[in-house]
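Please report on this model, covering its pocket, its salt bridges and one of its helices. Keep it short.

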Amino acid sequence: EVVDQFHGRMRLKYLRQENAGLAAAREQRAKGALDQAIETIKSVREKHGDSPMLRDLEREIEAERQLLRKREAVTGTASEAKKRIAASQWDSARVLLQKTLKEYPGEPELTALLDGIERGLSEQQARKEKEEALKKSRVLEGQGRDADALAVIDAALQVYAGDPELFSARAALAMRSAERQRAGDLSGRMQRIQAAIDRGQFDAARQDLDEARSQFGEQSSLLRLADEIELKRRMVEHEANAKVIEQLIEKGALAEAGPRLHQALSANPRDARLLKLQQLLAAESAFLETLQTIEQHLDNKRLDLAENMLRNASGARPPSDAFKRLVQRLAKEREKLSADRANALKKAADLSRRGSLEEAAAILRSLIDQNPKDAEAIQALTARGARVDERDPELGQTPLMLAAAAGRTKRSRPRFPPAHACCTHLQL
């Protein structure tokens, strides 16, 4: 019973507080403080829970608040639209009214104002809009935006169809635009042709030029490009031919380079590069003949002559592969000759010890024939001469005469250097 009494007192207290909140909300509503009244209802609901009276009062206040907002929006829009109409801002006023009517459709005051604006677009206003369109079109044309300029006049013609001034302005603009377009197309085509010329694509440039002449006629600029194509084509061909000749000379293909150079000089006898290549070809031909002569000396075992010519030719230019091969061949020939000579001397000594003096003398004579200044061979043959005199006086005289002719000393050194040092002075 005590608990029930406690709950009853508490409920009574809550009811009193809820009624006080409702009374406060109604009082605020009566004063026009609708937003504050809504907040009061929310506060009562949070403290004491929801109730039918709270919901009903909230709906009434919310409906009243929406009505008030509508009235304020309509009144404000109507006032602002009237100001814009007074300032002849017809389009701006119309947009404002249409926006508010979209939110509150059918509002009588706003509808009446909008109808008045539509009816109030007089001839003066139409003239102003046409002038603005023409002015904007001229500005766009000055910026090079012909398509946009035409679009502005076309838009005005949709509003004022058949207007003579707009129609005449559009025709003149279209003619000027076509002329500029033609000039732009010609300029673009010329740039494309020039780019092809600069890349060396002369056939493509010529084909594009022929198409341009068919489209634009015999323009002086196109004739100039035709001359440039032919001039640069000849220059490139001349440069390529000179490069081929230079490469042939570098590879040593002088027989092929000569006729090409002669033909090129016939067409361009004063060309500095061709004249320089002519000098280079002559020098290379002389150098090649020198190498061929050296090779003949090596074939004939005239190693001293070959070595002297290699020495003279070594400083003339950087060594080529052919020159290096000849130096290496000379070294090998020297090495082989040295080895053959050593074997021959050894064989002659062996034959002499066995008593085959004639055979030994023949080997030594062969060495002396190869090198009349071979002191070691002369010494060996002379040393065996006394022994040979007893059997063959004629054979015994030979080494003595050879020795006298050679002017040797008793301890003369051999003429041939070691094989590994025979060509070290040559620049490889």
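The largest pocket has a volume of about 450 Å³. Of its 20 lining residues, G252, L288, L291, S320 and A322 come closest to the centre. A pocket here is an open set of points on a 1 Å grid over the protein atoms alone, where a 1.4 Å probe fits, with protein on both sides within 12 Å along at least five of seven lines; lining residues have an atom within 4 Å of a point. The volume is the space filled by probe spheres set on the points, which are joined across faces, edges and corners.

This is a predicted model: local features need pLDDT of at least 70, side-chain atom pairs count only at pLDDT 80 or more, and totals for chains, interfaces and linings use all residues. Residues are numbered from 1 along each chain as its sequence is written, and side-chain values use heavy atoms, leaving out hydrogens and water.

Helix 10 (220–251), helix 12 (272–299) and helix 14 (321–353) each give the lining at least two residues. Helices are DSSP runs (H or I, at least four residues), numbered from the N terminus. Helix 12 supplies the largest share, seven residues. By type, the lining holds nine nonpolar, three polar and eight charged residues. Asp, Glu, Lys and Arg count as charged; Ala, Val, Leu, Ile, Met, Phe, Trp, Tyr, Cys and Pro as nonpolar; the others, Gly among them, as polar.

The model has 31 salt bridges, each a side-chain nitrogen of Lys or Arg within 4 Å of a carboxyl oxygen of Asp or Glu. Three of them are listed here.

| Salt bridge | Closest N to O |
|---|---|
| R224 and E228 | 3.5 Å |
| R273 and E239 | 2.2 Å |

R224 and E228 sit four residues apart in helix 10, about one helical turn. E228 is buried, at 15% relative accessible area, while R224 is partly exposed at 44%. Buried means under 20%, exposed over 50%, partly exposed in between (1.4 Å probe, protein chains only).

R353 and D350 are three residues apart in helix 14, again about one helical turn. R353 is exposed at 63%; D350 is partly exposed at 24%. Elsewhere, shared partners join D203, R206, D210, E230 and R233 into one salt-bridge network.

In helix 15, the buried residues include L357, I363 and L367. The face turned away from the buried side of helix 15 carries exposed D369 and Q370.
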